[in-house]
Each structure stands twice: as structure tokens, then as C-alpha cells.
2 protein chains.
Amino acid sequence: MNSQRNSRTSLTKRIHTITVPLGERTYPIVIGEGVLRRAGDLFRKHAIGRTVVVMTDTTVARHHGAVLERSLRTAGHTVHTIALPSGEQQKSLAAAERIYTELLQRGIDRSATIVALGGGVIGDLAGFIAATYQRGLGFVQIPTTLLAQVDSSVGGKVGINHPLAKNMIGAFHQPRFVLIDPSVLRTLPKREMISGMGEVVKYGVILDARFFRFVERSLERAFAHDAAVLTAMIRTSCLLKAYVVATDEKEQHLRAILNFGHTIGHALEHAGRYSALKHGEAILYGMVAEARIALWQGMIDERQVDRLEQLVNRLPLPSLTPLRLRSSALLTTMMKDKKTLSGNIRMPLPGAIGSVQLPSVVERRFIEQAVQHLTVYGA
Amino acid sequence: MNSQRNSRTSLTKRIHTITVPLGERTYPIVIGEGVLRRAGDLFRKHAIGRTVVVMTDTTVARHHGAVLERSLRTAGHTVHTIALPSGEQQKSLAAAERIYTELLQRGIDRSATIVALGGGVIGDLAGFIAATYQRGLGFVQIPTTLLAQVDSSVGGKVGINHPLAKNMIGAFHQPRFVLIDPSVLRTLPKREMISGMGEVVKYGVILDARFFRFVERSLERAFAHDAAVLTAMIRTSCLLKAYVVATDEKEQHLRAILNFGHTIGHALEHAGRYSALKHGEAILYGMVAEARIALWQGMIDERQVDRLEQLVNRLPLPSLTPLRLRSSALLTTMMKDKKTLSGNIRMPLPGAIGSVQLPSVVERRFIEQAVQHLTVYGA
């Protein structure tokens, strides 16, 4: 797939639309600098009903809430805003129950549309509410972190955490559309940008060598908030994800390739109690470790694995030392992974930069060796 | 649609299969005396995976649990049984959370299939778990009450209650198949049989005058557990429901006709705190009241309304006196109904026995009059 760079002016002016083709659930991803201010136009175009419930967190609400609400009210919508505290702990059944109560008390009925304005936590939680309140409401994603813009807002996976394991309670609930405004990233902390870049790098590794090269070349410009570079990164990541999701909406085969880096990555997140590492940071480490497994299994050559590691090393990541990693504990976590079936740990592994294979069972000794390999990062 | 009576012997020997045509979600309803003992064969035929989680309640488990488990184990399945206390209070987020925890602790993964063995409460709760645990597991319905066999096990509506309103949290999650053994009804209390008959009568009123006549003629034989009569009632009700669900899976138009009797019925259930009246009992009262509204609106003639009331009067129902009905309180409940949109109470109303119209807005004075009409039943 292409990831051409146009001149900055032409790209920043343009609105890009990517279609996620899912039959009756087909929807567009609309990407463009400044589109948040014009949200009302898009809501009208998609015949969204009068009542809109914006779910957001207090930080995002402060930066972007007023712009969105103004645009929606101007377009004639009645806007209810539910602003939650920030943080992963909101992805809980207890938080969901409080939101159900609030929706009932406000008299929200099935004609309403839920809008997620925020990062992955808000998107997952608001999407779960939209999937389950009164057996399902319409849903719109407006992601405001790089991670959500390049990955979690597309594809319909929604859910909350169980105290024993993350994302264990959820559904597939596709949005009516996704609205992505790269300009909102200017207020995003640098660590959140790095975390999002983890998924961007992943799309290059698993599906698109040319895009991987573009990321290698453009990393610094992305962190300098070059609009053309960010738009291109978001657009290509969304295009690649849309292709995978359209091929396999419910993750029965191809969609599993999106989990590259995620088996070990999730175990690292868990080891850090979901506070030491951000999701994308854990995925960056996870990809380094899992690429080594591919190497030891003779699937990929060392030069390509090194190239991935060199790109990862340009991104400042927290040391793994505080996590006190033990491979036995990581293995226990991996056994509870949704991808683990009948006690076999499975992961998709790359055959080259730009090409990945469907998940296969990996021997435990390789997983232990891969964790060992992470000691260079303080593990 | 047909509801022919064959001779008792031929019917009881036969297995009836009704297809619910929903594209990739198409599934069969298999109806036959004694099929519970042969569940394992059906699981094999539908390529259900090795791990099966049977969700049931302690009463149903005592009567039918062993028969099902034996058949599944003989067919090579690993069977986990989760038996809950009986009662509507199990349809709660708290109960769902305990079940998620138990599933995680038992290491249940996405390859498992959830089986609901029980009435509507078990079907709704187990279905909600199947819809949301790890973003969705395979699901099989084995309804053991008349109400569940003729109505709630077909169509994929699953969900739990919110303290403020029933069935407010849920999803559409179609089963892989529905297995109905009418012989299990022999252990069902008579009041549960009456409750189920409420939905049977409803199918006659809304869609099939000939079936309504069959119910009028066969009521006593059904309560005497005549296998041929019960099988015919279940089969025709399922056929009619399958037709409606196939036409409108997500209740965007036609499916709303299934709510005849349910707007006032739900309000009566609520007024009785979900203990004074069983669901089908409330629906029987609801149909009587709503048919009067149709009469006052000039949609149906009095002779047909009387015919419905005469059939309902043959079913012993609890007096409404203890509910101390007040139409203002009932109206407040109806305003929170999922069918109520933008403050307008809507309900489907019959034009004749065997023919119903899509929901339309009903004036409050008619609702008040209809509640008044119920005073003959002690209201």
C-alpha cells in the first residue's frame, strides 16, 4: 500500500476519507487538520439523531470539549457530556454501571448516539456502553491520542477490564464513523506520542515495508508535529487496519496479525501493573522480543530484526528494571491471554519487515530467551 | 402459517427443525420430545468445541442437569457447570461479574461454548455473558420453561437488568442453535405454564388467527401436558418468531410487533416489583388492556376484543388488587420503556385477531382508560 508524501500545504488542507467495508456496517474514517471544528457537518451528513452523548475525560474535555460541543449545538444537536477522570481504572464494570445510571437518569433513549472523545480508554469504555445500553446505540469515535487515531478507534473492538485480566469483557461494535483531527495531538504529552508510535511501527512491520521506511525517515518530524507527516502516518495506519478488519471483522484468522508484539507486550504491561509502561511502549518492547523469537525459529534474518530494534531504540522508553521481570510470571500472564487456546501460547511472527504470518504456537524456551534478550533494556 | 395437528404418536416421535434465516448467523431451532437426552449428537453435528460451560439454576440443574451433562460427556465434551440461585435478581451486573470471575478462574477461553439450560432469566444472563466474555463466545439455548421455549430463547435478545429499569443492559447475540424438549415441561409449576401461554396467545393475536383458534380449542390439553398439543404450540410460536426476527433482527421495524401487550404489561410487572406477576401473566393483562385501546381507536371490533378477553379469562391469573395500580405511576414507568422515543408512548395494536400494526403513538387518556378497564381484575 502507498504512503506517499505530498507537499505539506496540499495535505493539511485536504480531508482524507478511508472506507472500512463491512457490508451493512460499512463506515468511513475521516482524517483532516481542523475537522473537529466541523464535526457538526459530518453528523448531519451521516444523519445522526438529535440527542448526542459525548463521553470524554476531564483532560480532553478541557482541551477539546468546547470546540466539539459548539459545532454539534450549532448543527442542532442536544449535547449531553459525561466527563470521567482520566485513567485505565475507568475501564471497569463499576464505571460502566455509574454511566448506565446517569444515562437512565438523563432519560437517554435508543435514538441517542454515543460519541467517544478521547484516547483508547474512553473509546473502549464509551464503545462498550454504546454496545450494551438498551442493546446498542449508535456510536461515533473521535480519537484524541495518536494511539487511538492510528489503531484503537478503528475496527469496533470495545470493552472493559476485569480485575483478573484486561479487556476480558467486551464486544464488537462498529462506529457510524471515525473523525480524526491530527491537530489535537499538539496538546498530547510526548510519552503518549511515543506510545502511539508503537502501533505505527507495528503496521510497517506486519504489512508495509515502504511505510516502515517512511516511519524510519520521518520519526523526528512526526515528534515535531509536522502535519503532513502525522497525517500520512495516521492515514496509512488506518488504511492498513481497515484492510485487515474488512477481511476478518471478528478476528477469526487474519485480524490476529494485528497482535504482533502484543503477547509479550501485554505481559509486560501486566508486570508493570499498567502504570510503569504505556500500551504502545509495551508493544515496542514486545515487538523487539517477538522478532527475536522469529529469528530463532529461522523465519526472519538478523539484519531485519536489527533494523526494527534500531528504530525502537530511537524512541525513548522507560527502563524495564522497575518491573523485576520473571519469565515464569510473564508466562502465567500469557496463559490467560485471549489468544492462548487450550494452553498453547500463540503469536503472529514476521517473516520480514512488511510481512507477518498468522499466529503459531511458540515454544516456552523461546519466550524465556526473548525475555532474557530484554535485559539490555534493564529487564 | 400452519399449525396442523398430526396424530399424537407421529408428532412425539418426530423432531421438528425450524430455521432462523439470518445470513451468516442462520441457526436452527430443534424441537422434539426427548431431544435433551440426545444433546451430544446435536453438539457434534454443529461442530461445537470441546469445552462447554452449562449455565443453569439450581432447580433446573436438579431436574435436568445430569441428563444433559451425561449426553455431552459421552460425546467427548469437557463440561463446566455454573448453577445459580433461581430468580430475576440474578440478571444483574453483580451476578455477571461473579460469573466472569469464575470463567477466568476456570481458564475458560474463546474456544468454549456457553449453554443456557433454564428459563428466561438464565437465557438472558448466559447470553449476555456469551455476548461479552472475551468479546463473544459461541452460545446454545436449551430453554426449560414454556415461556423460554415459545419466545425468549429465539431471536438473540440477551441482557441484564439495571436497578432503575429491566433489560437496560444487553446485546443481540444469536445462538448457534436452540434445543427444545417439551417433555421437560412436566416438571414445570402450573403458574409457569400459564405465564408461557401468555406469549403463545400473543403469537396468535398478532400473526395467526388459525393458531389463535387452535389455542382456544387446545388450552386444557396443553395444561394436561398433551405432547402433541405442546409441540404444536411451541413449533408454531417459534416459526412465527423466526419469521419476524429474520425480517428485522435488530428491531428497527417489524420486530416491534412482538411487543404487543408489553408496554402496559411491563408497567404492571414493575408495579408488582417483578414478584406479584410473572412476565407472561403481566403480558396477558397487558394484551387485554391494549386491545381495548385498539378498540377505542377504532382499529378493531368489540367482538374480537371480547374473544381475546374470554381466552385470557380461562387462564387463572393473580388478582391485581395487591398492586394498588395508579395510572400516573404506570405512565411514569412507560416513559422509561425502550420503545418510548422522545417522550411519546408507542405500542403495536391489533386490527383483528391474527393481525397487528406497527407501533404508533397512543394518547395518555386511552392508557388511563385501559388501566381503568383492568379494575374488573381487581386493579
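Is the crossing of H7(A) and H11(A) left-handed or right-handed? The crossing is left-handed, meaning that the near helix is turned anticlockwise from the far one by less than a right angle (clockwise would be right-handed). The model is predicted: local features need pLDDT of at least 70 and side-chain atom pairs pLDDT 80 or more, while totals for chains, interfaces and linings use all residues. Residues are numbered from 1 along each chain as its sequence is written, chains are lettered from A and ligands numbered from 1 in the order in which they are written, and side-chain values use heavy atoms, without hydrogens and water.

**View 1. Helices H7 and H11 of chain A.** The axes of H7(A) (residues 190-207) and H11(A) (residues 279-296) come within 7 Å and cross at roughly 40°. Helices (H or I, at least four residues) and strands (E, at least two) are DSSP runs, numbered from the N terminus. Axes are lines fitted to C-alpha atoms, for helices over the stretch in contact, and angles run from 0 to 180 degrees between N-to-C directions. H7(A) and H11(A) are therefore oblique to each other (under 35 degrees counts as roughly parallel, over 145 as roughly antiparallel, 65 to 115 as roughly perpendicular, the rest as oblique).

**View 2. Helices H11 and H12 of chain B.** The axes of H11(B) (residues 279-296) and H12(B) (residues 302-313) come within 10 Å and cross at roughly 170°. H11(B) is thus roughly antiparallel to H12(B). Residues that meet include Leu284(B), Met287(B) and Leu295(B) in H11(B), and Val305(B), Leu308(B) and Val312(B) in H12(B).

**View 3. The open sheet of chain B.** Seven strands lie in the order S1-S2-S9-S6-S5-S3-S4, with mixed pairing; two strands pair if DSSP finds at least two bridges between them. S1 (16-20) and S4 (78-84) of chain B stand at the edges with a single partner strand each, so one side of each lacks a neighbour in the sheet. Neighbouring strands are turned by 20° against each other on average, direction ignored. S1(B) runs antiparallel to S2(B) (residues 27-31), and five bridges join them; His16(B) has Ile31(B) as its bridge partner in S2(B). Helix H4(B) (residues 93-105) packs on the sheet, touching S3 (51-57), S4 and S5 (113-118) of chain B, and its direction makes about 155° with that of S4(B).

Terms used: Contact means heavy atoms within 4.5 Å.
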